[in-house]
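Please have the sequence and the structure open as I talk.

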Amino acid sequence: MFTIGCHLSVTKGFYRMAQTATELGANTFQFFPRNPRGGAAKPLAEEDAVQLEEWMNAHDFGEILCHGAYTMNGASTKADVREFARTAIREDLAKVSRLPRCLYNFHPGAHLKQGTDIAIPLIADMVNYAMDQENLNTTVLLETMAGKGTEVGRTFEELAEIISHVERKDRVGVCLDTCHVYDGGYDIVNDLDGVLKQFDKVIGWKRLKAIHLNDDKNPLGSHKDRHEKIGEGTIGTEVFAQIINHPALRELPFFLETPNELPGYKKEIALLRSLRQEE
């Protein structure tokens with residue numbers, strides 16, 4: 001099954017988001033559990049979760065994806081920022097564990113000139129705190145980063161090091177962002193197989209759980225993290241066709257985070273479906 005979707009607003013509830021995804025030709029979606037810049041999360045309505053599951057089952061949905069707030073930084077130099085991150089991710093996991101087939105993805109954070117030797121154990125400690133709760137049934141994904149500023153997670157080695165400190169290794173994985181890895185210096189345009197082999201060597205295939213499909217406004221290794229619409233950036237349509245059909249990737253859920261409104265997402269989803277080669 002080709003699982004493809006985009007980022008949607010949670011303001012009208014999960015059931016309505018699922019309906020919107022279907023209207024766009026999608027069979028999954030991504031959402032923020034709270035304002036992406038921080039703030040409190042709305043409580044989950046049980047009826048909404050039930051209706052969501054019924055819709056997902058009836059329309060052959062794959063796994064959906066919850067994206068943590070951008071402001072969560074478990075490696076911050078400020079105690080209050082670290083505490084917000086720890087509290088927010090723990091609350092998020094408790095919430096999404098009550099949703100059907102929901103993964104949880106977050107940006108690892110930034111070391112703010114402390115260095116990764118200090119930052120990585122702090123990030124892992126935040127994850128361990130968040131995952132230490134009963135009824136946890138979601139998998140936590142670390143996102144590959146572009147390396148802007150002091151971001152942690154630009155290299156596969158940094159992500160592998162965080163994972164090595166996580167206690168619940170049965171519930172931790174990676175979300176590969178195409179724009180981020182290209183910005184980070186991994187040449188998926190000219191050596192997709194080589195990049196994927198490097199991922200497998202350093203992290204392992206079993207950890208790869210989701211893909212963010214984003215074109216890039218910038219050249220390889222620019223470390224700027226500026227997403228572009230599919231086929232309008234430096235990665236290009238041909239490479240996305242290779243990605244969605246690659247034997248190691250094709251069964252994963254794909255999520256668009258391109259600079260689009262709903263009509264634009266609908267066109268991109270249709271484009272990607274046209275590029276999909278069924279076995």
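Let me begin at the side chain of D216, where a polar atom lies 2.9 Å from the backbone nitrogen of N218. By a polar contact I mean a pair of N or O atoms within 3.5 Å, where within protein one must be able to donate a hydrogen and the other to accept it, and where residues adjacent in sequence count only if both atoms are side-chain atoms.

Before going further, a word on provenance: this is a predicted model, in which local features need pLDDT of at least 70 and side-chain atom pairs count only at pLDDT 80 or more, while totals for chains, interfaces and linings use all residues. Residues are numbered from 1 along each chain as its sequence is written, and side-chain values use heavy atoms, with hydrogens and water left out.

Back to D216, which sits in strand 8 (residues 215-216); helices (H or I, at least four residues) and strands (E, at least two) are DSSP runs, numbered from the N terminus. D216 is buried yet has no salt bridge, and the nearest side chain of opposite charge, R226, is 7.8 Å away. Here buried means under 20% relative accessible area, exposed means over 50%, and partly exposed is in between, with a 1.4 Å probe and protein chains only. A salt bridge is a side-chain nitrogen of Lys or Arg within 4 Å of a carboxyl oxygen of Asp or Glu, and for charge Lys and Arg count as positive and Asp and Glu as negative, with His and the chain ends not counted.

For another positive phi, turn to K113, where the value is near 70°; K113 lies in the loop between strand 4 (102-106) and helix 4 (116-131), and is classed as exposed because its relative accessibility is 77%.

Another brings the side chains of K217 and E228 together at 3.0 Å, N to O, linking the loop between strand 8 and strand 9, where K217 lies, to E228 in strand 9, 11 residues apart. Of these two partners, K217 is partly exposed at 36% relative accessibility, whereas E228 is buried at 12%.

Now to the spaces. On a 1 Å grid over the protein atoms alone, a cavity is a set of points where a 1.4 Å probe fits but cannot get out, a pocket is an open set with protein on both sides within 12 Å along at least five of seven lines, and lining residues have an atom within 4 Å of a point. Grid points are joined across faces, edges and corners, and a volume is the space filled by probe spheres set on the points.

The largest pocket holds about 760 Å³ of space. Its lining has 32 residues, and closest to the centre are H7, Q30, F32, Y70 and E257. Helix 1 (14-23) and helix 9 (262-275) each supply at least two lining residues, and the largest share, 3 residues, comes from helix 1. That lining divides into 9 nonpolar, 14 polar and 9 charged residues, where Ala, Val, Leu, Ile, Met, Phe, Trp, Tyr, Cys and Pro count as nonpolar, Asp, Glu, Lys and Arg as charged, and the others, Gly among them, as polar.

The second largest pocket has a volume of about 300 Å³, and among its 21 lining residues V10, T11, F32, P33 and K42 lie nearest the centre.
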